[in-house]
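This briefing covers salt bridges and strand pairing. The structure comes first, then the notes.

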Amino acid sequence: MKQVTRLAVLSALALIAGCSPGAADAGAKAQPQASAAAVHPVSGLQITPVTVTSGNVAHVFKSEVARTSAEQAKGLMFRTEIGDDEGMIFLRNPPDIASFWMRNTVIPLDIIFVGLDRRIINIAANARPYDETPLPADGPTLAVLEINGGLAARLGIKPGDKVDW
């Protein structure tokens, strides 16, 4: 509900700005910034490309960025689907030894733990929906990337692969 209200307010402001004198010039300047800051239609989180390089193959995921504690606590809970080219990245600031679970998570996920060197430490593959068993990283974690369950194996993504965002 909050998201719908915020979008309605932003749409109204954009409409008002579009009718203001000089709006054509201002809109032309603002357009590149708007497309650079894409947001996910469901979560409202910023989307950034996350690239996993496995051998000579680069796999790019349009990833929602979970930065705050609240965004990270919610993660992909209650979501019924994500595309094979989508994911969610959890930036750990400060880095820690991350541990995830699948509370209220409807779809199976591959949980990819990324170390301080931006290489995959370990993968909790096909994490079971609704399972509250902790799934920990094998070391200090800079980020965690979640993608569809089983996708890492299908793409040949493995520990040691490089992750960039």
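Arg-103 and Glu-132 join their side chains in a salt bridge, at 3.0 Å from N to O; the term means a side-chain nitrogen of Lys or Arg within 4 Å of a carboxyl oxygen of Asp or Glu. This pair links distant parts of the chain, 29 residues apart: Arg-103 lies in the loop between β4 (99–100) and β5 (109–115), and Glu-132 in the loop between β6 (120–127) and β7 (135–136). The model is predicted: local features need pLDDT of at least 70, side-chain atom pairs count only at pLDDT 80 or more, and totals for chains, interfaces and linings use all residues. Residues are numbered from 1 along each chain as its sequence is written, and side-chain values use heavy atoms, with hydrogens and water left out.

**Salt bridges**
- The structure has seven salt bridges.
- Arg-103 is partly exposed at 32% relative accessibility, and Glu-132 is partly exposed at 40% (buried is under 20% relative accessible area, exposed over 50%, partly exposed in between; 1.4 Å probe, protein chains only).
- Asp-161 and Lys-158 form a salt bridge, with the closest N and O atoms 3.1 Å apart.
- Asp-161 is buried at 5% relative accessibility, whereas Lys-158 is partly exposed at 40%.

**Strand pairing**
- Strands β1 (residues 47–54) and β2 (residues 57–66) pair antiparallel over eight bridges (strands are DSSP runs of E, at least two residues, numbered from the N terminus; pairing needs at least two DSSP bridges).
- Two residues separate β1 and β2 in a hairpin, and Gly-55 in the turn has a positive phi of about 65°.
- Val-52 has His-59 in β2 as its bridge partner and stands opposite Val-163 in β9.

Key:
Helices (H or I, at least four residues) and strands (E, at least two) are DSSP runs, numbered from the N terminus.
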